[in-house]
Amino acid sequence: MPPGYRGGGAVNLTTPLGDEVLDLRAGDRVTLTGTIYTARDEAHLRMMEEGIPFDPVGAAVYHCGPVVRDGRLVVAGPTTSARMNALTGFLIDAGVRALIGKGGMGPEVVEQLRGRAVYLAFTGGCAALAADRMSLSGVYFEDLGMAEAVWIIEADHLPLTVGIDARGGDLFSAVREKAKTQFHQRFNIR
């Protein structure tokens with residue numbers, strides 16, 4: 001089991017998020033219901049320049065470039081979150097409580113989340129499952145294009161795993177260390 005995993009059923013979260021996220025531990029299963037906002041690289045840069053177009057307090061930001069057709073989500077899988085490592089601090093400072101994506105984030109983001117927010121992981125390759133749990137309710141920065149716009153999405157019990165908790169627990173770091181140890185043992189590397 002992952003470090004900090006407490007077992008049991010999923011914790012149900014609803015946006016806007018509050019201090020309840022501070023009690024979560026890396027490895028915990030959660031479901032997320034309510035409004036979430038997609039944002040990738042270009043959206044982060046635009047928000048840094050022009051301001052955040054939604055109320056960030058308690059918000060959840062999903063690293064995602066969805067495919068939208070005829071006003072509905074076709075697929076909405078996660079983008080590799082590490083791409084946003086250097087672009088994340090201002091969102092946490094503004095009150096965002098959850099980042100959602102795949103692959104984890106760097107040590108600087110682990111520190112930025114400490115005592116304030118969490119990183120929730122969604123399995124890559126499950127874009128159709130994600131879209132099945134979501135509906136569109138609006139868009140900001142549509143001129144950035146479909147993948148880079150900030151889409152306003154209503155999620156319904158989106159299944160996620162706490163990848164990085166507010167105490168610095170990092171599921172991805174633990175996996176990297178275990179893989180490194182096993183690699184070194186297998187190939188007798190000291």
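How do the residues of the lining of the largest pocket divide into nonpolar, polar and charged? The structure is a predicted model, in which local features need pLDDT of at least 70 and side-chain atom pairs count only at pLDDT 80 or more, while totals for chains, interfaces and linings use all residues. Residues are numbered from 1 along each chain as its sequence is written, and side-chain values use heavy atoms, without hydrogens and water.

The protein chain contains five helices and nine strands (DSSP runs of H or I, at least four residues, and of E, at least two, numbered from the N terminus). Their order along the sequence is β-β-α-β-β-β-α-β-α-β-α-β-β-α. Of the 190 residues, 46% are buried (under 20% relative accessible area, 1.4 Å probe, protein chains only). The C-alpha trace spans about 55 × 35 × 30 Å along its principal axes.

The largest pocket holds about 190 Å³ of space. A pocket is an open set of points on a 1 Å grid over the protein atoms alone, where a 1.4 Å probe fits, with protein on both sides within 12 Å along at least five of seven lines; lining residues have an atom within 4 Å of a point. The volume is the space filled by probe spheres set on the points, which are joined across faces, edges and corners. The lining comprises 16 residues, of which Ala121, Phe122, Thr123, Leu160 and Thr161 are the closest to the pocket centre. Strand E2 (29-38), strand E9 (150-164) and helix H5 (171-186) each contribute at least two lining residues. By class, the lining has 10 nonpolar, four polar and two charged residues (nonpolar: Ala, Val, Leu, Ile, Met, Phe, Trp, Tyr, Cys and Pro; charged: Asp, Glu, Lys and Arg; polar: the others, Gly among them).

Definitions and conventions
Buried < 20%, exposed > 50% of the residue type's maximum accessible area, 1.4 Å probe, protein only.
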